[in-house]
Amino acid sequence: MNNFEFKNPTKIIFGKGSIEKLSNEIPKDAKVLMLYGGGSIKKNGIYDQVKSALVNMEIIEFGGIPANPEYAVLMQALEVIKEQNITYLLAVGGGSVIDGTKFLSAAALFEGDTPWDILAKNIKTEKGMPFGTVLTLPATGSEMNSGAVITRKETKEKLSMGGPGLFPVFSILDPQVITSIPERQLANGLTDAFTHVLEQYMTYPIDAKLQDRFAESILQTLIEVAPQVIKDPTDYKAASDFMWSCTMALNGLIQKGVPGDWAVHAIGHELTAMFDIDHARTLAVIAPSHYKFNFEAKKDKLAQYAERVWHITEGSTDDKARAAIDKTVAFFHDLGIDTKLSDYTKAYEGTAETISKRFTEREWLGLGEHKSLTPDMVEEVVKMAY
Ligand code: NZQ
Ligand code: ZN
C-alpha cells in the first residue's frame, strides 16, 4: 500500500426518521440559509420535515438550484448570504444542491474579486462557511466529501473545486427519501456510485488487499440491490444499502493508499457541459471505451474485477478482462442507461476534437493512473464512444 493521510470530519446521521435530529446539529445562534433545488422537496414532504425540525430557528430560504448547479444562480444566492449576514448553510437535496452549497461555502469567505477563479484557477478552500446537508438522492457521495462540480452555461464549462474546508459538518441520511425519486434518477445514482468505485479501483494491482476488497464489496452491493431499488424504492433494506454504498464509494476511504484514475469523470463532465447529458450517463458512455482503449494497462485489474465481482472464472486474463467490460455495459443497459454518445445526441461529430483541445488548453496533458493519457488519446477514447 502507498503512504497516505486520511481525515474525514463529516458526522453521519443515518436512518429512519433522522431528519428530526437536525436541530441538534446547527448552533442555536446561527443565521441559516437553507438551499434546495427545483422543488421536489416540497412534493415529497422533506421540506416540511426540515422546517418542523428547525421551527425555533431563524431560517432564510433559497430554492431553484438546478441539476448541474449553475454559477449564475449561485451568484444570486451569494448576494443573499452577504445581504442577510448568513452564518450557516443547509443543503437539502442531491449532489447538485450540495455541490452548489459547497461553492457558496467557499465563495462566502473568498477574498478575491471573482468567485469563478475558485474553479478556473483551482484554488483550494482551506476554510469555508460551515454547512450541513440533508441528502435526498444517493449518488455522488458529496454528502461526505470535500469536492464539488459547478457548471457555467455561458461558457459551456463544468469545473471541479474542493479543499479540506469543504467537508459538510454533518449529513443526514434517511434512506426513506428515495421513495419519491424517479426511476431515471435512481438508475443515475447507481451508475454514478458504481463508476466512482471503478475510477479508484480499475488501475493496476498493488496488492492492497483491504482497499481492493472495500471497493469490490461496494460494487457487489450495488449490483445486488440495483434491481430491488428500481423495482421497489420503498424497500427500506435495499434503500439503506444503496444509500450507504453511494456514500462509501466517494468519501475518500477506498482511494487511500492506491492509485486512482478519474479520466472517465474528466471526460464525462465535458459531455454534460456540451450536451447537458445527465452526469451518470456520461460515465456509462465513456467508461467502456476508456477500459478498451487502455486495455493493456488495466487488464490485470479488469480480470480481478471479473473474477471477484462478476464471478467469471473461465479463460485467460485477457478473456476475463474483456468479459468484465461486457458485464459492466450489460449492467448499465439493465438499468436503462445507454452507453453510446450517439444514443444521446445526433450532433456528436467533432466532440472528441473539442474535448481534446480543451484539455490541451487547460494543460491537462496526462490523465489516468500513470498520468499518461494525452489529449490525443482522450480524442480516441471519445471517438470509440460515439
Ligand atoms: O431539483 P429537485 O427538484 O430537487 O429535483 C432533483 C433533480 O431534478 C431530483 N431529486 C433529488 N432528490 C429527489 C429528487 N426527486 C424526487 N425525490 C427526491 N428525493 O433529482 C434530480 C437530480 O438531482 P441532482 O442533485 O442533480 O443529482 P445528483 O445527486 O446525481 O447530482 C449530480 C451532480 O453532482 C455532481 C455531478 O457532476 C452533477 O453536477 N457530482 C458531484 C460529485 C461530488 N461532489 O463529489 C461527484 C460526482 O462524480 C459528480 O460529478
Ligand atoms: Zn460521478
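The legends below describe close-up views of a predicted model.

The model is predicted, so local features are reported at pLDDT of at least 70 and side-chain atom pairs at pLDDT 80 or more, while totals for chains, interfaces and linings use all residues. Residues are numbered from 1 along each chain as its sequence is written, chains are lettered from A and ligands numbered from 1 in the order in which they are written, and side-chain values use heavy atoms, with hydrogens and water left out.

**View 1. The zinc ion (ligand 2) and its protein donors.** Asp192 contributes an OD atom to the zinc ion (ligand 2), and His196, His265 and His279 each contribute NE2, at 2.0 to 2.1 Å. Donors are N, O and S atoms within 2.8 Å of the metal (3.2 Å for Na, K and Ca); water is not among the atoms, so sites may look incomplete. Along the chain, the donors of the zinc ion (ligand 2) are spaced as D-x3-H-x68-H-x13-H. His265 belongs to helix α10 (residues 263-275) and His279 to helix α11 (residues 279-293), so this pair ties together parts that are 14 residues apart in sequence. Helices (H or I, at least four residues) and strands (E, at least two) are DSSP runs, numbered from the N terminus. His265 and His279 are both buried. Buried means under 20% relative accessible area, exposed over 50%, and partly exposed in between (1.4 Å probe, protein chains only).

**View 2. A salt bridge between Arg184 and Asp278.** The side chains of Arg184 and Asp278 approach to 2.8 Å, N to O. Arg184 lies in helix α7 (residues 183-201) and Asp278 in the loop between α10 and α11, so that the bridge links distant parts of the chain, 94 residues apart. Arg184 is partly exposed, its relative accessible area being 48%, whereas Asp278 is buried at 17% relative accessibility. A salt bridge is a side-chain nitrogen of Lys or Arg within 4 Å of a carboxyl oxygen of Asp or Glu; by this rule the count comes to 21 salt bridges.

**View 3. A salt bridge between Glu270 and Arg362.** The closest N and O atoms of Glu270 and Arg362 are 2.9 Å apart. Glu270 is part of helix α10, and Arg362 sits in the loop between α14 (351-361) and α15 (375-384), so the pair joins parts 92 residues apart in sequence. Glu270 is buried, at 0% relative accessibility, while Arg362 is partly exposed, with a relative accessible area of 22%.

**View 4. Salt bridges around Lys299 and Glu296.** The side chains of Lys299 and Glu296 form a salt bridge of 3.0 Å, N to O. Both residues belong to helix α12 (residues 295-310) and stand three residues apart, about one turn of the helix. Lys299 counts as buried at 18% relative accessibility, and Glu296 as exposed at 56%. A network of salt bridges links Glu296, Lys299, Asp318 and Arg322.

View 5. A backbone N or O atom of Gly39 lies 3.1 Å from an oxygen atom of ligand 1. Nitrogen of ligand 1 also lies 2.8 Å from a side-chain N or O atom of Thr136, and a nitrogen atom of the ligand is 3.5 Å from a side-chain N or O atom of Asn44. Ligand 1 taken alone exposes 960 Å², and the protein buries 88% of that; accessible areas come from the Shrake-Rupley method with a 1.4 Å probe, and for residues only the protein chains shown count as cover.

View 6. Asn68 is found in the loop between β3 (59-62) and α4 (71-83) and counts as buried at 15% relative accessibility. Asp207 is placed in the loop between α7 and α8 (209-231) and is exposed, at 56% relative accessibility.

Technical notes:
Polar contact = N/O pair within 3.5 Å; in protein donor to acceptor, adjacent residues only side chain to side chain.
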